Amino acid sequence: MLPHSKICLITGATSGIGEATARLLSKQGFSLILCGRRSERLLDLEAELSEKVGIHTLCFDISKRADVEAALASLPLEWQNIDILVNNAGNAHGFDLFQEGKIEDWEMMIDINLKGLLYISQPVIQGMVKRKFGQIINIGSIAGKEVYPKGNVYSATKHAVDALTTAMRMDLNAENIRVCSINPGMVNTEFSNVRFKGDVNKAEKVYEGMTPLVPNDIAEIILFVITRPPHVTVADLTVLPTAQASATIVKRD
């Protein structure tokens, strides 16, 4: 189905916050470019949501610059004028003291969380600048506001995203482009499962005895941000479950 409304590109759309955002925005009539590495999930999501709105999928690894460039270059002409970019793709790998950390984990986080965001943002933003219209939503983290033990490199990448969001807002101020950072606390997604490399017991303990956020909580906030009047920019939001007061203070039953 061809786009018939504002076009929103979502990275990391095959699970968690990205998938929830895709589902919610499809109900609101947004045409969607859904990006991710898992082709089967992308195809399933496309089959489901294309009954409601225009859907185009791009399967690529955001940490690989050539793949990002090829994916964006493959967009049909009618899908190239992207109005909203939701930079959701990101991961935590490992949970170690700095002195015991694995360089391959560090590289994965830097490549996905930081470099991947840069690779996809610049070409999309260049199109927005030409049209003098657009909106960027960067999904950060409480880890981009506070450093916590064993969060070292993950926190560093999310602090970089926080800084980049501010820098984008400054650099794009004259171009009529809105830029927002949404920084969630504990959200029950695949995040902890990836961080602990599939150790289900460790992942489940992260949310033990408390009620975390769920992906749709963040999706609803994204919808709120992108539907504000043109003169309103929601610049920076930190969102926590009620049981969480900071990166390290969590009330558990």
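The model is predicted.

**Stop 1: the largest cavity**

Three cavities of 30 Å³ or more are counted in the model. Begin with the largest, which holds about 70 Å³ of space. To find it, select H93, G94, D96, M109 and N152, the residues of the lining that lie nearest the centre of this cavity. By class, the lining of the largest cavity splits into five nonpolar, five polar and five charged residues.

**Stop 2: the second largest cavity**

The second largest cavity has a volume of about 50 Å³. Select T11, I62, N87, A89, I112, N113, G116, L117, I139 and K158 to show its lining. Which classes of residue line the second largest cavity? Five are nonpolar, four are polar and one is charged.

**Stop 3: the aromatic pairs**

Now turn to the rings. A pair of aromatic rings is described by the distance of the centres and the angle of the planes. The structure holds three aromatic pairs, and two of them are visited here.

Select F98 and W106. Their ring centres are 5.0 Å apart and the planes are at 15°, a stacked pair.

Then select Y154 and F191. The centres of these two rings are 5.4 Å apart and the planes meet at 65°, so this pair is edge-to-face; the cut-off for that class is over 60 degrees. Y154 belongs to helix α5 and F191 to helix α6 (residues 191-195), so the pair ties together parts that lie 37 residues apart in sequence.

Are Y154 and F191 buried or partly exposed? Y154 has a relative accessible area of 7% and is buried, because buried means under 20%. F191, at 24% relative accessibility, counts as partly exposed.

**Stop 4: charges over rings**

The charged end of R195 sits over the ring of Y154, 5.2 Å from the ring centre. The ring of Y154 therefore takes part in an edge-to-face pair with F191 and also has the charged end of R195 over it.

Finish at F224 and R228. Here the charged end of R228 sits over the ring of F224, and the distance to the ring centre is 3.9 Å.

Notes:
Residues numbered from 1 in each chain as written. Predicted model: local features only at pLDDT ≥ 70, side-chain atom pairs only at ≥ 80, totals over all residues. Heavy atoms only, no water. 1 Å grid on protein atoms, 1.4 Å probe; cavity = no way out; pocket = protein on both sides within 12 Å on 5 of 7 lines; lining within 4 Å. Points joined across faces, edges and corners; volume = space filled by probe spheres on them. Nonpolar A, V, L, I, M, F, W, Y, C, P; charged D, E, K, R; others polar. Phe/Tyr/Trp six-rings, centres within 6.5 Å; stacked < 30°, edge-to-face > 60°. Helix = DSSP H or I, 4+ residues; strand = E, 2+ residues; numbered from the N terminus. Buried < 20%, exposed > 50% of the residue type's maximum accessible area, 1.4 Å probe, protein only. Lys NZ or Arg CZ within 6 Å of the ring centre and 35° of its normal.
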